[in-house]
Amino acid sequence: MTTSAKSNLRSPKSKRHIRPVHIVGTGSYVPDRILTNADLEKMVDTTDEWITTRSGIKERRIAPDWMCTSDMAVEAARRAMQQAGVHENEIDLIICGTVTPDMPFPNTACFIQHKLGARHVPAFDIEAACSGFIYGLEIGQQFIASGAYETVLVIGAEKLSTIVDWQDRSTCVLFGDGAGAAVLRSRSEEHGILATCMGANGSQTDILSLPGGGAKFPASKETVSARMHVIKMEGKEVFKNAVIAMQTAAEEALKKCNLTMADIKCVIPHQANLRIIDALASRLGAPEEKVYINLHRYGNVSAASVAIALDEAAREGRFQRGDLILLVVFGAGLTWASCVIQW
Ligand code: ACO
């Protein structure tokens, strides 16, 4: 079965939520250390030219050994909360999208809660790979729209450098570390998050995975020597599925709000590969100037990618209050998601 965004569509009638939900603050954090393509040339058999032409990536950030995913998440969260004017005591729910939790358990959101000094509110992780941040936005918005919570903190955070195979030139050049966050709240204005779309296709779990360390292949000397604790990827298959799934997800979200690409001020796609983004933009009819790209500086930061890009695009003034923006992501699972927001 090919990937199709047969996701849980709300009917057009129900696209307007009970309470409008807004992103009232964003923040991001990347570690200081930069690993350039020139550095990688000294580590594996690759060239700056190959990495740039095949992926668009020029450099990525690498966190120091002592820094956990939750540490980067907390920095991003503090910046989002500061921009939103929200105190940690006001947070009602913490959601963290990550494939690189500090530990298999407890969940990373619990570490974040404690490090932030937040109240003993619910805190959990979303494991939807690169789609984790938008999955988190959708979950957070449902809790606010229903009236269950007032303020939700959604984070995408990754320390991918700990699961990259630094001997595999076909993957190690693509990934980096960092975190992005958003604070969600209800506001009286009608705009905010207008539509979201999420989907998954579990028939292709094998094309992008980290097979070792779970219940199927518990950690052992054998799994370590078989290099089962690092990223395995069939690049071409992932590429093909990413373009199709993101196009379908983006079109579904636009359709739910009766919008077209012409209405959108800024498209913020998952930052995995420039060629994937170019193919997606061309299929969506999105001109270059509408598409936000920062992957040349950070590489693919999985769940953190779109969260960092959203924060940077907002701070750079790529859209203003009232403008329509489209987020669209794709990741292992396979998973995908999209979101239309009136800023
Ligand atoms: N440097 C030099 N040569 C390389 C490198 C490298 N870093 N990596 C691979 N090659 C070689 C290969 O060995 C191959 O050589 P061969 O023809 O002699 O066998 C040649 O380059 C072509 O390799 P391909 O894999 O066919 O290259 P492709 O054009 O498909 O690009 C890439 C590879 C960049 C991985 C691409 O397939 C891609 O971006 N796929 C999607 C990856 C992605 O987005 N993943 C994450 C999405 S979801 C998530 O974020 C979790």
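Rings of Phe, Tyr and Trp (its six-membered ring) are taken as a pair if their centres lie within 6.5 Å, and the pair counts as stacked with planes under 30 degrees apart, as edge-to-face over 60 and as tilted for the rest. The model is predicted, and local features need pLDDT of at least 70 while side-chain atom pairs count only at pLDDT 80 or more. Residues are numbered from 1 along each chain, and side-chain values use heavy atoms, without hydrogens and water.

A search of the whole structure finds two aromatic pairs. In one of them, the ring centres of Phe143 and Tyr149 are 5.2 Å apart with planes at 45°, so this pair is tilted. Phe143 is partly exposed at 30% relative accessibility; here buried means under 20% relative accessible area, exposed over 50% and partly exposed in between (1.4 Å probe, protein chains only). Phe319 and Trp343 have ring centres 5.0 Å apart and planes at 75°, so the pair is edge-to-face. Phe319 is buried, with a relative accessible area of 2%, and Trp343 is buried at 18%.

An open sheet of four strands has mixed pairing and the order S8-S13-S12-S11. Strands (E, at least two residues) and helices (H or I, at least four) are DSSP runs, numbered from the N terminus, and two strands pair if DSSP finds at least two bridges between them. Strand S8 (193–200) and strand S11 (266–269) stand at the edges with a single partner strand each, so one side of each lacks a neighbour in the sheet. S12 and S13 run antiparallel and are joined by eight bridges. Val328 stands opposite Ser338 in S13.
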